[in-house]
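Open the model in your viewer and keep the selection tool ready. The tour goes stop by stop.

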Amino acid sequence: MAYNKKDLEDKALKAIKKHNLVFISDIMLYLPCSDATFYNHNLEKLESIKKALEFNKINDKVKLRKKFKTSENPTLQMFYYKLIANNNELSKVGNKHDHTSKGDKINFIVPSGEVGNDIGNDTIE
């Protein structure tokens, strides 16, 4: 069956708005075509669809942050604090981790690859 790209775009935009969709993969659940048809028409590349999904994501983020901010739940309060804290404040609550080697060389031990053998001494630099 042949599909009109503009018609599919319109249906996709209506579904995004009506169902508050935020993922491309969810749109296809509401369209009368297959996933392959959706991608063959390059609907995922349309700015109108990208912007509609982004709009919903932003609105959801704002709503969640408001809930975190006004919550009486200490976990949500701490999560909100971490979202808005600067690096100095984060380090004071003990949750800032430096996962770098600070320029030091790292050597990894690599197994020899043969089943039943002990771990070899090969290193990767």
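Where do Lys 6 and Glu 9 both lie, and how many residues apart? Both are in helix 1, three residues apart, about one turn of the helix. Helices here are DSSP runs of H or I with at least four residues, numbered from the N terminus.

Before moving on, note that this is a predicted model: local features need pLDDT of at least 70, side-chain atom pairs count only at pLDDT 80 or more, and totals for chains, interfaces and linings use all residues. Residues are numbered from 1 along each chain as its sequence is written, and side-chain values use heavy atoms, with hydrogens and water left out.

**Stop 1: helix 1**

Select Lys 6 and Glu 9. Their side chains meet in a salt bridge, 3.7 Å from N to O. The term requires a side-chain nitrogen of Lys or Arg within 4 Å of a carboxyl oxygen of Asp or Glu. Lys 6 is partly exposed at 49% relative accessibility, whereas Glu 9 is buried at 13%. Buried means under 20% relative accessible area, exposed over 50%, and partly exposed in between (1.4 Å probe, protein chains only).

Next, select Lys 11 and Asp 7. They form a salt bridge too, at 3.5 Å, N to O. Both lie in helix 1, four residues apart, about one turn of the helix. An α-helix has 3.6 residues a turn, so residues three or four places apart point the same way. Lys 11 is partly exposed at 35%, and Asp 7 is partly exposed at 36%.

**Stop 2: helix 3**

Go to Thr 37, in helix 3 (residues 35–40). Is Thr 37 buried or exposed? Thr 37 is buried, with a relative accessible area of 16%. Leaving aside neighbours within four places in sequence, Thr 37 is in contact with Tyr 3 and Leu 8. Contact means heavy atoms within 4.5 Å.

**Stop 3: the aromatic pairs**

How many aromatic pairs does a search of the whole structure find? It finds two. Select Phe 38 and Tyr 39. This pair is edge-to-face, with 5.3 Å centre to centre and 85° between the planes. Rings of Phe, Tyr and Trp (its six-membered ring) pair if their centres lie within 6.5 Å; planes under 30 degrees apart count as stacked, over 60 as edge-to-face and the rest as tilted. Phe 38 is buried, with a relative accessible area of 0%. Tyr 39 is partly exposed at 37%.

Now select Phe 68 and Phe 79. They too are edge-to-face: 5.2 Å centre to centre, 90° between the planes. Phe 68 lies in helix 4 and Phe 79 in helix 5, so the pair ties together parts eleven residues apart in sequence. Phe 68 is buried at 14%, while Phe 79 is partly exposed at 43%.

**Stop 4: helix 4**

Select residues 47–70. The 24 residues of helix 4 should span 34 Å at 1.5 Å a residue, and the end C-alpha atoms are 35 Å apart, which agrees. The expected span is 1.5 Å times one less than the number of residues. Ile 49, Ala 52, Leu 53, Asn 56 and Phe 68 are buried in this helix. Their cover includes helix 1 (5–19), helix 2 (24–27) and helix 5 (74–84).

Finish on Lys 50 and Glu 47. Their salt bridge has its closest N and O atoms 3.7 Å apart. Both lie in helix 4, three residues apart, about one turn of the helix. Lys 50 is partly exposed at 39%, as is Glu 47 at 45%.

Notes
Helices (H or I, at least four residues) and strands (E, at least two) are DSSP runs, numbered from the N terminus.
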